[in-house]
Amino acid sequence: MPRCRYCSNIYKPARTMQPGRVCNSVECLFKHANKIMEQKLNQRAKAERIAAAEDRKTVKIKLDKLKTARDWTNEAQIAFNKYVRERDSNRPCISCGSSLNGGYVGGAFDCGHYRSVGSAPHLRFHDHNAHGQCKKCNRYLSGNAADYRVGLIARIGIESLESIEADQTPRKYTIEELKAIKATYIAKLKELRK
C-alpha cells in the first residue's frame, strides 16, 4: 500500500484515477491540487517570459533594419566618445590643463576633437584626434584649438599631429563598418573599466 506524500499515512486508493501518492483526505487532495496549479502557473509564466524575450529580439532586429547610416554613425560616435572620456578620465584637459575630475556636476567633461567632426568627419573615430576636454574649452571656447595643439604635441608628438593635420582622405563608412566601430569601442570601454 502506498504512503501519502503530504500526511505520510498509508492509504488504499479509492479511485482508479486518484492522484499519485495522495490519500483520500480533503486537506491532502487540496494541497496536491495547489501544488499542480502552482506548477502550471510557473510553466505558463516561464513560457510567457520566453515569448516576450523572443518578441524583444525580433523587435530589436526589425528596428536595427530600419536604422539609417546616420543612426549607426550617431551610435558609433556615442560609443567612441564614452571610450575617450573613460580613457582620459585621470588626465587633465588637453587644452587648458584643468582637472577633468573636479569642478563639474558628476565629473562630466567632453570628448573634444582637435579637427572637428564638422570640418573633418573622416577623423571622427581617430584616437589621436579626440581627447578629454573640459566643457569650457570644448563648448564655450570652440575647442580652444591653439592650446589644444600645444597639448597634442605634448601627448602624441609633432609627427602624429602633423599626420592628423595632413589627413584629407575621405572615408565613407558602411553600416557594417559603423556597427564594427561601435562594437570595438564598447569592447575597449569594458576593457578599460576592468
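In this predicted model, A76 makes contact with F125, L178, I181 and K182, leaving aside residues up to four places away in sequence. A76 also belongs to the largest nonpolar core, a set of 12 residues.

Next come the aromatics. The structure has 5 aromatic pairs. In one of them, the ring centres of Y83 and Y185 are 5.3 Å apart with the planes at 50°, so this pair is tilted. Y83 belongs to helix α2 and Y185 to helix α6, which puts the partners 102 residues apart and links distant parts of the chain. Y83 has a relative accessibility of 10% and counts as buried; Y185, at 7%, is buried too. Y114 and Y148 make another tilted pair, because their planes meet at 45°, with the centres 5.5 Å apart. Y114 is in the loop between β1 (110-113) and β2 (130-133), while Y148 is in helix α4 (residues 145-156), so the pair ties together parts 34 residues apart in sequence. Both of these tyrosines, Y114 and Y148, are buried.

The charged end of K188 is over the ring of Y83, 5.6 Å from its centre, and K67 lies over the face of W72, 4.5 Å from the ring centre.

Note on methods: Residues numbered from 1 in each chain as written. Predicted model: local features only at pLDDT ≥ 70, side-chain atom pairs only at ≥ 80, totals over all residues. Heavy atoms only, no water. Core = buried A, V, L, I, M, F, W, Y, C linked by side-chain atoms within 4.5 Å. Buried < 20%, exposed > 50% of the residue type's maximum accessible area, 1.4 Å probe, protein only. Contact = heavy atoms within 4.5 Å. Phe/Tyr/Trp six-rings, centres within 6.5 Å; stacked < 30°, edge-to-face > 60°. Helix = DSSP H or I, 4+ residues; strand = E, 2+ residues; numbered from the N terminus. Lys NZ or Arg CZ within 6 Å of the ring centre and 35° of its normal.
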